[in-house]
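Hello,

Here is the structure I promised to pass on to you. Have a look at it first, and then read my notes below.

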Amino acid sequence: MPRNPIGPQHVCEAAHPEDASPCEGPRDAVTVVDRNGDAAKACVHHGTRLYASLIGPRVYPGSVPDAAIEVFNRAQTTSAFAWLDHHQLSSEVER
């Protein structure tokens, strides 16, 4: 599970260190759990990206009502490891 370095956090703990995208909403909107039981609190955006990148994940409600359902639904159409450059390159090649 991604963990940000100790210090002031500008993004939620679910954001991958290489993911420069900003959080969407509160940083504790949901909790994403991997198949080993490791958990990370997440905003909707990074929770979606993390959920889509894991095998056998679960998502639980946090501070935002219905955010867990939103993360689950968005993850169905989100590429695994969406923050990597190769996801952006494929759309550029099609142009």
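What follows is a short tour of the fold and its salt bridges.

A word on the basis: this is a predicted model, where local features need pLDDT of at least 70, side-chain atom pairs count only at pLDDT 80 or more, and totals for chains, interfaces and linings use all residues. Residues are numbered from 1 along each chain as its sequence is written, and side-chain values use heavy atoms, leaving out hydrogens and water.

The protein chain has three helices and three strands (DSSP runs numbered from the N terminus: H or I of at least four residues for helices, E of at least two for strands). Starting at the N terminus, their order is β-β-α-β-α-α. Of the 95 residues, 36% are buried (under 20% relative accessible area, with exposed over 50% and partly exposed in between; 1.4 Å probe, protein chains only).

There are three salt bridges (a side-chain nitrogen of Lys or Arg within 4 Å of a carboxyl oxygen of Asp or Glu). In one of them, Arg 49 meets Asp 19 at 2.9 Å, N to O. Arg 49 sits in helix α1 and Asp 19 in the segment before β1, so this pair ties together parts 30 residues apart in sequence. Both Arg 49 and Asp 19 are buried.

Arg 74, in helix α2, pairs with Glu 24 from the segment before β1, so parts 50 residues apart in sequence are tied together. Glu 70 also bridges to Arg 74, at 2.8 Å between the closest N and O atoms; these two are separated by about one helical turn in helix α2. Through shared partners, Glu 24, Glu 70 and Arg 74 form one network.

Best wishes
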